[in-house]
Amino acid sequence: MNFNQKNIDYLLIDGTSYIYRAYYSFPYFKNKKNVPSGAIYGVINMLKNLSFRYPYTQIIIIFDSSIPSFRNILFQDYKKNRPSMPQNIKIQIKPLYKIIQSIGFPIITIPSYEADDIIGTLSYEANSKNKFTLISTNDKDLAQLVNINTHILENISKKILGKQEIKQKYGVFPSLIPDLLGLMGDRSDNIPGVPKIGKKTALFLLEKFGSLNNVYKNFEKISQYSFRNSKMIIKQLIINKKLAFLSKNLATIKTNISINKSIDQFKMSPPSLPKLLYFFEYYEFYSWTKSLKEGKWLINIHNQKIK
């Protein structure tokens, strides 16, 4: 399948990753009242650019819930190593949501679920309808969703990654991303994995045995392969079997959570010009304010959505 602007049905945006990227790209943006606006400006600018690049595509923005996810129940230390969200980001989230909705983009957030699981469920639904989906993110976890109908659009490089590109980048095909993280863990999410098994060893085991399940069905055969510390690896696998499968579970994205709408129902809505003008003036986005008053700012977002 050759993905291009005209045959992509859905663009699912990992909004939480956008917030952080935007904030650190524009850390000093503030209005005259010293109210920070860098995350707002950066996210809206990225959304505007994407709508220009993909004018025929239904765009949906998905955010993490502020309520801890079910993964925190499975493993209390999940994401514990991450610093708390900076206050300057927190105070921008609610107005950012209001601005996005005022533009007309649909937003989804579901209590106790991460954006990944919402994206996983929506992409699974789209795939079942033989629709084509791009997921805009830099999160490696979402790579497991890639298939013939679903590809990743990298935030920074703008590259579109299919199954072969995922294999080249991470060393395994998409379906084995959870198995890989089950073995090697993931520091960014504080997923433990099996102690003393790194990426190189994890990739070797998956190449030889095909999955985490098969590694455990055949772990006595590991000693047949000539690589360093094979006895230690076997010992660690035996001792940490529960931890390995817990880690895989933590890394596995849900594709069947309850969402109150079909993916087709998350459509663009008419913009609210008075609300947009208020926010643009309040945050002192002067060029945007001028463009909005001249009737130009929304053209690429709404007028080019017609096929």
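Me: In this predicted model, contact means heavy atoms within 4.5 Å. Which helices do the buried residues of α8 pack against?

Reply: Helix α8 covers residues 199-209, and its buried residues are Thr-201, Ala-202, Leu-205, Leu-206 and Phe-209. They cover an arc of only 130° around the axis, which puts them on the same side of α8. The helices that these buried residues pack against are α7 (177-184), α9 (212-217) and α10 (230-239).

Me: Which residues are exposed on the other side of α8?

Reply: An α-helix has 3.6 residues a turn, so residues three or four places apart point the same way. In α8, one side holds the buried residues, including Leu-205 and Leu-206. On the other side of α8, the exposed residues are Lys-200 and Glu-207.

Me: Is Asp-117 buried or exposed?

Reply: Asp-117 belongs to helix α5, which runs over residues 115-128. Beyond its neighbours within four places in sequence, Asp-117 is in contact with Phe-70, Arg-71, Thr-252, Ile-253, Lys-254 and Ile-257. Buried means under 20% relative accessible area. Because its relative accessibility is 0%, Asp-117 counts as buried.

Me: Which residues is Phe-75 in contact with, leaving aside its neighbours within four places in sequence?

Reply: Phe-75 lies in the loop between α3 (70-74) and α4 (87-103). Its relative accessibility is 17%, so Phe-75 counts as buried. With neighbours within four places in sequence left aside, the residues in contact with Phe-75 are Asn-190, Pro-192, Leu-246 and Leu-250.

Conventions
Residues numbered from 1 in each chain as written. Predicted model: local features only at pLDDT ≥ 70, side-chain atom pairs only at ≥ 80, totals over all residues. Heavy atoms only, no water. Buried < 20%, exposed > 50% of the residue type's maximum accessible area, 1.4 Å probe, protein only. Helix = DSSP H or I, 4+ residues; strand = E, 2+ residues; numbered from the N terminus. Arc of directions from axis to C-beta.
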